[in-house]
Number of protein chains: 2
Amino acid sequence: MSEVQHSTREKILEAALRLFSQKGYLGATTKEIAAESGVAEVTLFRHFSSKEALLEDVLTSYTYLPALKEIIPSVSKLPYEEALVEIARGFLITLDLRQDFIKIIHSERHLYSEKLLKGYHSTINEIFVTLAAYLSDMQKSGTLREFDSFLAARAFFGMFFSYFTQSHLLMFKKYGPSETDHLIKEYVGFFVRGTIREGLTNND
Amino acid sequence: MSEVQHSTREKILEAALRLFSQKGYLGATTKEIAAESGVAEVTLFRHFSSKEALLEDVLTSYTYLPALKEIIPSVSKLPYEEALVEIARGFLITLDLRQDFIKIIHSERHLYSEKLLKGYHSTINEIFVTLAAYLSDMQKSGTLREFDSFLAARAFFGMFFSYFTQSHLLMFKKYGPSETDHLIKEYVGFFVRGTIREGLTNND
DNA sequence: GTAAAATGTTAGTAAGCACTTACAAACATA
DNA sequence: TATGTTTGTAAGTGCTTACTAACATTTTAC
């Protein structure tokens with residue numbers, strides 16, 4: 001067990017992340033969060049001026065999905081299908097790691113500020129744009145047919161994000177690792193055939 | 001404005017649906033719900049034994065997505081691509097109509113009972129199975145290649161559900177009607193080419 | 001070892017919450 | 001008109017909540 005040394009502040013942030021994602025912002029009490037952190041409630045308020053400030057700090061501390069932008073360059077030399085499999089795999093892993101954060105964002109959409117929402121949006125957008133750029137390149141090189149690359153990226157991540165939502169957030173049919181692998185390959189299969197240039201393409 | 005005559009009970013249920021979806025179960029107070037319904041708070045408790053009972057009644061009253069099962073048979077004679085466009089359109093319309101319900105389900109996942117969750121799951125499953133059956137038929141008739149039809153159905157709805165989630169629940173880039181039409185056509189385009197039988201299919 | 005900084009303990013406050021009681025008013029039905 | 005049903009008003013109960021104050025204790029830094 002390689003437990004890292006956590007500061008009081010970090011312990012509180014982690015407990016808050018966990019409890020907010022499990023019970024919602026209003027459902028998790030400051031008393032509970034303090035107990036879960038192993039500190040007194042008053043200590044929580046000495047580190048964070050209010051419960052709302054705590055939420056803000058949680059959301060900015062555990063911010064979302066930087067990893068994916070690095071995956072795409074690193075796989076761009078692979079064959080198309082393999083590259084997509086790696087992208088999908090990386091995407092699902094990242095979602096898994098950040099699931100508490102994502103749960104909060106999806107549950108407490110009415111609470112958090114315009115600023116945070118915009119940050120989340122721009123991150124999503126960045127992800128789409130990054131994949132879209134890769135797809136655009138593949139179109140220019142003649143591998144892929146013509147289509148709206150931004151929408152394609154959105155469709156691609158949409159398939160996987162929906163699977164994640166259903167299995168993690170709504171506890172609907174969740175697969176084991178080998179089945180997830182199967183799912184990835186099938187999904188990528190649809191997308192590859194859906195986007196690749198074929199001999200018999202009839203453009204209108 | 002063709003306002004229907006609503007019973008007190010119905011007025012409360014509607015207001016509760018609206019407020020629960022906007023502010024969450026804990027965020028919406030019984031006082032507010034009563035005010036929004038135009039009744040006294042005590043009247044709310046004469047119709048519903050508790051706030052929790054009210055939530056249960058809201059969720060069972062505005063239950064989810066029956067429409068889609070009727071769409072698929074009605075379009076099964078259309079060409080493949082047109083059929084999928086109609087299915088996608090119907091799906092998005094239904095999601096739109098039920099968006100308050102869906103918002104609650106996604107926000108309050110920690111609150112509602114095992115029973116309700118199972119009901120929701122079986123509805124989702126039914127939708128997937130219905131489309132999967134249609135796809136299976138198309139495979140047997142030779143129009144489509146071989147693939148896991150359940151996963152294909154899940155991927156198809158996943159693309160659109162993700163778009164719905166992002167635009168309605170997270171207020172990320174939402175398109176107007178004509179742009180949505182464009183999105184549907186592009187998404188369906190990917191899926192059609194991803195699933196159709198091609199002359200030059202190289203199965204391993 | 002000593003001062004300072006961080007934490008714990010205990011008690012408390014003010015507000016908001018779901019929910020109740022008692023009684024009066026409005027309304028429909030006969 | 002009389003009667004039962006539904007609603008409103010008003011007041012209040014008991015509980016929980018976020019948050020604070022005062023003081024004791026522990027941990028850290030030099």
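**Exercise 1. Which residues does F160(B) contact, leaving aside its neighbours within four places in sequence?**

Solution. Start at F160(B) in this predicted model and set aside the residues within four places of it in sequence. What remains in contact with F160(B) is A88(B), F91(B) and L92(B), together with L183(B), I184(B), Y187(B) and V188(B). As background, nonpolar side chains tend to be buried together in soluble globular proteins.

**Exercise 2. How many aromatic pairs are there over all chains, and how are the rings of F128(A) and F157(A) arranged?**

Solution. The count over all chains comes to 28 aromatic pairs. In one of them, F128(A) and F157(A) are stacked, with 6.1 Å from centre to centre and 20° between the planes. This pair links distant parts of the chain, since F128(A) belongs to helix α8 (residues 114-140) of chain A and F157(A) to helix α9 (residues 149-169) of chain A, 29 residues apart. Both F128(A) and F157(A) are buried. Finally, ring pairs join these two residues into a cluster whose members include F91(A), F156(A) and F160(A), as well as F172(B) and F190(B) from chain B.

**Exercise 3. Describe what lies over the rings of Y25(A) and Y25(B).**

Solution. In chain A, K51(A) lies over the face of Y25(A), at 4.5 Å from the ring centre. In chain B, the charged end of K51(B) is placed over the ring of Y25(B), 4.5 Å from its centre.

**Exercise 4. What area is buried between chain A and chain B, and which residues of chain A lose the most area to chain B?**

Solution. Begin with the residues involved, which are 52 from chain A and 52 from chain B. The area buried between the two chains is about 4700 Å², and carbon and sulfur atoms give 61% of that area. On the side of chain A, R109(A), R154(A) and F190(A) lose the most, together 16% of what that side buries. A search for salt bridges across this interface finds zero.

**Exercise 5. Is L116(B) buried or exposed, and which residues does L116(B) touch beyond four places in sequence?**

Solution. First locate L116(B), which lies in helix α8 (residues 114-140) of chain B. Its relative accessible area is 18%, so L116(B) counts as buried, the cut-off being under 20%. Beyond four places in sequence, L116(B) touches L59(B) and T60(B). The C-alpha atoms of L116(B) and T60(B) are 8.1 Å apart in space, although these residues are 56 residues apart in sequence.

Terms used: Residues numbered from 1 in each chain as written. Chains lettered and ligands numbered in written order. Predicted model: local features only at pLDDT ≥ 70, side-chain atom pairs only at ≥ 80, totals over all residues. Heavy atoms only, no water. Contact = heavy atoms within 4.5 Å. Phe/Tyr/Trp six-rings, centres within 6.5 Å; stacked < 30°, edge-to-face > 60°. Helix = DSSP H or I, 4+ residues; strand = E, 2+ residues; numbered from the N terminus. Buried < 20%, exposed > 50% of the residue type's maximum accessible area, 1.4 Å probe, protein only. Lys NZ or Arg CZ within 6 Å of the ring centre and 35° of its normal. Buried area = accessible area lost by both parts, 1.4 Å probe. Salt bridge = Lys/Arg side-chain N within 4 Å of Asp/Glu carboxyl O.
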